[in-house]
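This report describes a protein chain in terms of its surface, its sheet, its helices and its charged pairs. The sequence and the coordinates to read alongside it are shown here.

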Amino acid sequence: MFGRPLLRFVRKDTHINFMRGRYMGLIVSTVLSIASIILFFHPGLTLGLDFRGGIVVEAKTSGPADFAKLRTALAAQHISHASLQAFGAPDDVLIRLDAGDDQNTDAVVDTVRRAVTDAQPGTTILRADAVGASVSAELFRNGMLALGLSLAMILVYIWFRFEWEFALSAVITLVLDLTKTMGFLVITGFEFDLVMVAAILTILGYSTNDKVVVYDRVRENLRKYRTMPLMELINLSINETLNRTLGTSSTVFLAALPLALWGGATLSGFAWTMLFGIVVGTSSSIFIAAPLLLFMGEGRLKRGAKPGPAPAQQKS
């Protein structure tokens with residue numbers, strides 16, 4: 001009684017022919033990734049404070065924010081290029097301005113504080129973050145380096161654990177997932193900063209784990225069913241791991257959903273990116289990584305010494 005799972009997303013004897021849509025899956029993924037690359041260069045990502053450099057001041061006014069008064073007060077202090085944005089409640093204001101000389105950052109922050117409190121007495125400064133131009137450029141390089149190194153380490157890990165066909169299929173799929181995530185960030189306008197780098201690295205790690213689960217079952221079945229055609233074997237492996245894949249994805253999705261809905265301006269972008277990455281990573285394990293493995297491994301993947309009878313297949 002206690003040994004059986006309480007919830008199953010699909011029946012244990014499910015035999016869905018996922019490979020029937022292998023061409024469509026690869027074509028759709030390629031088109032979306034190409035479109036995302038185009039969007040990456042134009043209009044491009046909305047760089048956050050970490051990568052763009054500048055100052056962000058979050059203020060809470062005593063009443064509904066009067067943006068005309070705030071802009072006039074900032075202009076009187078010779079801050080004419082400030083961007084004011086309402087978020088959350090009507091009395092929440094986000095003030096953004098580009099960074100000038102790194103040595104003047106503290107003085108600019110003090111000037112902004114003074115201007116907003118003069119414009120609307122009783123205004124409270126909740127936070128003031130500043131990143132200099134030189135620091136932001138270094139952070140951007142380090143963020144891109146982290147993404148590149150993570151893909152390289154994933155390639156090495158899967159290459160040592162599996163055959164090269166598995167490793168190359170997984171890394172190509174992860175690159176496609178990464179490009180689509182970048183396209184999502186461009187379309188939604190979420191700021192790309194260090195928090196987003198952390199979200200993307202988390203997505204890559206989760207997506208890799210999802211693919212390793214499927215690949216492990218494929219490798220087991222390669223040894224178990226020596227005479228089974230590779231397409232049928234991959235279909236069998238996906239069906240056998242489908243409950244685990246959907247269960248893990250649903251758990252992570254439900255954990256991130258409250259952050260997306262009620263996490264506020266600081267966490268909502270991170271959470272929505274995570275939700276998008278979970279959906280893309282799960283679907284790509286089935287419709288991208290598996291077909292790529294089929295095309296690369298047909299006739300080349302080694303079979304084990306013990307042949308076994310093929311399980312009965314049902315038409316979907």
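## Overall surface and composition

The protein chain exposes about 16,600 Å², and carbon and sulfur atoms supply 63% of that area. The model is a predicted one, and every value in this report is computed from it. Of the 316 residues in the protein chain, 46% are buried.

The protein chain has 9 helices and 6 strands. When contacts in the protein chain between residues at least 6 apart in sequence are considered, 80% of them join residues at least 24 apart.

## The four-stranded sheet

An open sheet of 4 strands is arranged in the order β3-β4-β2-β5, and its pairing is antiparallel. Because β3 (83-86) and β5 (124-131) stand at the edges with a single partner strand each, one side of each of these strands is left without a neighbour in the sheet. From one strand to the next, the twist averages 15 degrees.

Strands of a sheet pair through backbone hydrogen bonds, in either a parallel or an antiparallel sense. Here β3 is joined to β4 by 4 bridges, the two strands running antiparallel, and within this pair Leu84 stands opposite Ile95 in β4. The antiparallel pairing of β2 and β4 extends over 6 bridges, with Ile55 standing opposite Leu97 in β4. Strand β2 (residues 54-60) also pairs with β5 in the antiparallel sense, over 7 bridges, and Glu58 stands opposite Arg127 in β5. Helix α3 (residues 67-76) packs on the sheet, where it touches β3 and β4 (92-97), and the direction of α3 makes about 155 degrees with that of β3.

## Burial of strand β4

How many of the residues of β4 are buried? The strand is mostly covered, with 6 of its 6 residues buried.

Helix α1 (residues 22-44) contains Ser29, which counts as buried because its relative accessibility is 5%, below the 20% cut-off. Leaving aside residues up to four places away in sequence, Ser29 touches Leu176, Lys180 and Ile288.

Tyr23 also has its place in helix α1, but it counts as partly exposed, at 48% relative accessibility. Together with Ile27, Val31 and Phe295, Tyr23 makes a nonpolar surface patch of about 400 Å². The element that gives the most to this nonpolar patch is α1, with 3 residues.

## Salt bridges

Side chains of opposite charge can pair when their charged atoms come close. With a cut-off of 4 Å between a side-chain nitrogen of Lys or Arg and a carboxyl oxygen of Asp or Glu, the count comes to 9 salt bridges. In one of them, the side chains of Lys60 and Asp91 meet at 3.5 Å, N to O. This pair links distant parts of the chain, with Lys60 in strand β2 and Asp91 in the loop between β3 and β4, 31 residues apart. Lys60, Asp91 and Asp92 are linked in a network of salt bridges, and Lys60 is partly exposed, with a relative accessible area of 30%.

Arg161 lies in helix α5 (residues 133-161) and Asp216 in helix α7 (residues 194-224), so the pair ties together parts that are 55 residues apart in sequence. Arg161 counts as partly exposed at 32% relative accessibility, whereas Asp216, at 18%, counts as buried.

Lys211 and Asp177 form a further salt bridge, in which the closest N and O atoms are 3.7 Å apart. Because Lys211 lies in helix α7 and Asp177 in helix α6 (residues 164-188), this pair ties together parts that are 34 residues apart in sequence. Are these two partners buried or exposed? Both Lys211 and Asp177 are buried.

Notes
Residues numbered from 1 in each chain as written. Predicted model: local features only at pLDDT ≥ 70, side-chain atom pairs only at ≥ 80, totals over all residues. Heavy atoms only, no water. Pairing = 2+ DSSP bridges. Axes fitted to C-alpha atoms, helices over the stretch in contact; angles between N-to-C directions. Contact = heavy atoms within 4.5 Å. Buried < 20%, exposed > 50% of the residue type's maximum accessible area, 1.4 Å probe, protein only. Patch = residues over 30% accessible without salt bridge, like charges linked within 9 Å, V, L, I, M, F, W, Y side chains within 5 Å. Areas by Shrake-Rupley, 256 points an atom, 1.4 Å probe, with all protein chains shown as cover.
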